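Keep the structure open as you read.

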Amino acid sequence: MKELFEAILVLRSQDEAAGFFRDLCTISELEAMAHRWEVARLLDRGLPYQQIAAKTHASTTTVTRVSHWLRHGEGGYRLALDRRKGVSTAA
């Protein structure tokens with residue numbers, strides 16, 4: 001996985017990332033990742049689980065799972081969410 005993550009880090013634009021991920025993943029895999037990201041964004045906004053499930057057509061199980069990883073995971077969701085909002089992530 002280290003080699004994969006290093007390959008991702010050399011990409012320089014959204015177009016480059018889109019091309020790389022489209023070659024790497026199936027449409028279903030990309031849609032699943034995009035779906036989980038949308039759930040994470042809505043959780044970060046404080047929306048209730050049921051509202052997120054209805055808005056994204058995700059199961060409440062998926063919403064719960066993403067919420068768990070947002071709060072207790074490796075910090076990847078939090079880092080990306082904060083950086084997208086321009087929040088400092090320095091330790």
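Axes are lines fitted to C-alpha atoms, for helices over the stretch in contact, and angles run from 0 to 180 degrees between N-to-C directions. Two packed helices are described by the angle between their axes and by the distance between those axes. The model shown is predicted.

**Helix 1 with helix 2**

- Helix 1 and helix 2 pack at an angle of about 150°, and their axes lie 10 Å apart.
- Angles over 145 degrees count as roughly antiparallel, so helix 1 is roughly antiparallel to helix 2.
- Helix 1 brings Leu-4, Ala-7 and Ile-8 to the contact, while helix 2 brings Phe-20, Phe-21 and Leu-24.
- By class, this contact of helix 1 with helix 2 has six nonpolar residues, no polar and no charged ones.

**Helix 5 with helix 6**

- Helix 5 covers residues 60–72. It packs against helix 6 at an angle of about 80°, with the axes 6 Å apart.
- Angles of 65 to 115 degrees count as roughly perpendicular, and therefore helix 5 and helix 6 are roughly perpendicular to each other.
- On the helix 5 side are Val-66, Trp-69 and Leu-70; they meet Tyr-77, Arg-78 and Leu-81 in helix 6.
- The contact of helix 5 with helix 6 has five nonpolar residues, no polar and one charged.

**Helix 3 with helix 6**

- Helix 3 spans residues 27–44, and helix 6 spans residues 76–85. They pack at an angle of about 70°, with their axes 11 Å apart.
- That angle makes helix 3 roughly perpendicular to helix 6.
- The crossing of helix 3 past helix 6 is right-handed.
- From helix 3, Arg-36, Trp-37, Ala-40, Arg-41 and Asp-44 take part; from helix 6, Tyr-77, Arg-78, Ala-80, Leu-81, Arg-84 and Lys-85 do.
- The residues in this contact of helix 3 with helix 6 are five nonpolar, no polar and six charged.

**The largest pocket**

- What is the volume of the largest pocket? It is about 1200 Å³.
- The largest pocket is lined by 23 residues. Nearest its centre lie Ile-8, Phe-21, Met-33, Trp-37 and Ala-80.
- Helix 1 (2–9), helix 2 (14–24), helix 3 and helix 6 each supply at least two residues of the lining.
- Which helix gives the most to the lining of the largest pocket? Helix 6 does, with six residues.
- The lining of the largest pocket divides into 15 nonpolar, four polar and four charged residues.

Notes: Residues numbered from 1 in each chain as written. Predicted model: local features only at pLDDT ≥ 70, side-chain atom pairs only at ≥ 80, totals over all residues. Heavy atoms only, no water. Helix = DSSP H or I, 4+ residues; strand = E, 2+ residues; numbered from the N terminus. Parallel < 35°, antiparallel > 145°, perpendicular 65-115°, else oblique. Left-handed = near helix turned anticlockwise from the far one by under 90°. Contact = heavy atoms within 4.5 Å. Nonpolar A, V, L, I, M, F, W, Y, C, P; charged D, E, K, R; others polar. 1 Å grid on protein atoms, 1.4 Å probe; cavity = no way out; pocket = protein on both sides within 12 Å on 5 of 7 lines; lining within 4 Å. Points joined across faces, edges and corners; volume = space filled by probe spheres on them.
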